[in-house]
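Hello,

Here is the structure I promised to pass on to you. Please open it beside this email and follow along as you read.

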Amino acid sequence: MARILHLLDLHCDAATRAAQRAIAARGQIGQAQQTATLGHGGNFRNTAQAILQLRRRRRSFDWDLIHTWGERAFVAAALGQSAAIVHSPGGAMDRGHCRWVVSAMSYRAIELVVASSTIQRRCAQRGIDPDRCHVVRHGVDFSTVRSRRDPGLRAALGFNDHDIVILAVGESTVPAAHAQALWATAILHVLDPRYKLLIWGRGPRSGALQRFARGMRLPEVLTLAEQRLGREMAFESLPSAADAIVATGDDDAPALPVAIAMAAALPIIATVHSTVSELLEDRHTAWMVAPGSPRLLAQRILDALSDPSAQWRICDTARAECYEHFSLTRFLDAMRGVYQKALETSAASASTAQLAT
C-alpha cells in the first residue's frame with residue numbers, strides 16, 4: 001500500500017487546490033494519505049522549517065511518494081525526503097524553478113505534471129526530460145457546475161432580468177488579465193447600461209479592478225460576487241448568474257476555469273493564446289479574438305450574443321468536448337498512471353542501488 005503525502009503551498013491558486021482535493025478524495029493509490037500545507041498559518045511556517053521537519057520525520061517514517069503542489073513545496077520535499085516525487089507546479093515555471101527540477105531529476109524519481117502542452121514545451125526547452133513531463137489537464141466535476149439561469153442568485157448579486165451579465169473566468173490575477181474584460185464591458189455599458197461584468201472576487205487583482213472601475217466613473221459596471229454576497233462560493237456556481245463568459249488570460253493562466261466555462265454551455269469569448277487555443281476553437285467551441293484590444297473583444301461579445309442559432313450550436317459543442325476531454329474520471333485515471341510510474345521508477349532505483357552495494 002503506497003504511503004502518499006500531499007505537500008501544498010498554502011497560497012496556491014484555486015485550480016491547484018481543486019485538483020489536489022479531487023486526488024486526495026478519489027484518486028489515491030493506497031489509503032495512507034496525508035495533506036500538509038506550507039506557508040504562514042499552515043503546517044509548516046516556511047520552506048526551511050518544512051525541510052527540517054521532513055528530515056526528522058524521515059528517521060521514523062518514510063513516505064513512498066510526495067505530491068508537491070507549488071515551487072516551495074517541491075524544494076522542501078526534494079531536500080527533506082528521499083521519496084519519489086510527483087510535482088504539479090500550479091502554473092508557469094520560470095527558469096529558476098526549472099533548474100531546481102532538472103537538478104533533482106538527475107538523481108531522484110521525479111515526474112512533472114503540467115496543465116498544457118505550451119508549458120510542457122517550455123519545460124523541454126529549459127532542459128526537463130519530456131518523457132518525465134506529463135500533460136494532465138484538470139478535471140471538471142460536472143455535478144457542481146450550475147449552468148441553468150438562477151434568478152435568485154442574479155437578484156442577490158444585484159442584477160435584474162434585463163441585465164446582460166458577462167462573467168470573467170477564474171481568479172483575478174496578472175495572467176488572468178481581467179482588466180481587458182473590464183475595459184470591454186465598460187465600452188458596452190456606455191452603449192447599453194444593461195451590460196455588467198461579474199468577477200469571482202478572489203485573487204490579488206480584485207481590488208485593483210474595483211479602483212479601475214471607479215477611475216472610469218463606472219463603479220456600477222463591476223460586481224465582485226463574494227464581496228457582494230458576503231460569503232465564499234465556488235466558481236462553478238457563477239455561470240448560472242451570467243449570460244456570457246470571457247476568457248482573457250495569457251499562457252500562464254489556469255486552464256480549469258476555461259473548462260468550467262465550457263461545461264456551463266454559455267457563449268465563451270476568448271483571447272487567442274497558446275494555452276487557450278489548446279482548449280477552444282473559433283466558431284466551433286468559442287468566439288476568439290486577438291489579445292490586447294478591448295474594443296475588438298467588445299465587438300466579439302456583441303457578435304456572440306446577437307446570433308442565437310450559433311450560440312446553441314457552439315455552446316452545445318463546447319459542453320460535449322468538455323465531457324470528452326476534461327472529465328474528472330479522465331483526470332484521476334491519468335494521475336494514477338503518473339503516480340504508478342513514479343513509484344515503479346523509485347523501486348527500480350532502490351533495487352539498482354542495493355545491487356551496487
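Below is what was found in it, part by part.

First, some ground rules. This is a predicted model, in which local features need pLDDT of at least 70 and side-chain atom pairs count only at pLDDT 80 or more, while totals for chains, interfaces and linings use all residues. Residues are numbered from 1 along each chain as its sequence is written, and side-chain values use heavy atoms, with hydrogens and water left out.

Let's begin with a helix. Helices (H or I, at least four residues) and strands (E, at least two) are DSSP runs, numbered from the N terminus. Helix H7 covers residues 178–191, and its end C-alpha atoms are 20 Å apart, which agrees with the 20 Å that its 14 residues should span at 1.5 Å a residue. (The expected span is 1.5 Å times one less than the number of residues.) Which residues of H7 are buried? They are His178, Ala181, Leu182, Ala184, Thr185, Ala186, Leu188 and His189. Here buried means under 20% relative accessible area, exposed means over 50%, and partly exposed is in between (1.4 Å probe, protein chains only). Among the elements that cover these buried residues are strand E7 (164–168), strand E8 (195–199) and helix H12 (294–305).

Next, look at strand E11, residues 268–271. Ile268 and Ala270 on one side are buried, and so are Ile269 and Thr271 on the other, so both faces are covered. Strands count as paired if DSSP finds at least two bridges between them. E11 pairs with E10 in the parallel sense over three bridges, and Ala247 stands opposite Ala270 in E11. From E10 the chain passes through helix H10 (residues 256–263) to E11 in a right-handed β-α-β crossover. Right-handed means that, with the strands pointing away from the viewer, the path from the first strand over the helix to the second runs clockwise. E11 also runs parallel to strand E12 (residues 287–289), joined to E12 by three bridges. There, Ala270 has Met288 as its bridge partner.

Now for the nonpolar cores. A nonpolar core is a set of buried Ala, Val, Leu, Ile, Met, Phe, Trp, Tyr and Cys residues joined through side-chain atoms within 4.5 Å. The largest has 42 residues, and among those touching the most other members are Val140, Leu157 and Cys322. Which helix gives the most to this core? That is H10, with seven residues. A second, separate core has 29 residues, including Ala36 and Ile110.

Thr223 lies in strand E9 and counts as buried at 6% relative accessibility. Its contacts (heavy atoms within 4.5 Å), leaving aside neighbours within four places in sequence, include Leu157, Phe159 and Arg228.

Rings of Phe, Tyr and Trp (its six-membered ring) pair if their centres lie within 6.5 Å; planes under 30 degrees apart count as stacked, over 60 as edge-to-face and the rest as tilted. Trp183 and Phe212 have ring centres 5.4 Å apart and planes at 70°, so they are edge-to-face. Trp183 is in helix H7 and Phe212 in helix H8, 29 residues apart. Trp183 is partly exposed at 40%, and Phe212 is partly exposed at 23%. Trp200 and Phe235 form a tilted pair, 5.6 Å centre to centre with 50° between the planes, and both are buried.

Enjoy exploring!

Methods:
The expected span of a helix is 1.5 Å times one less than its number of residues.
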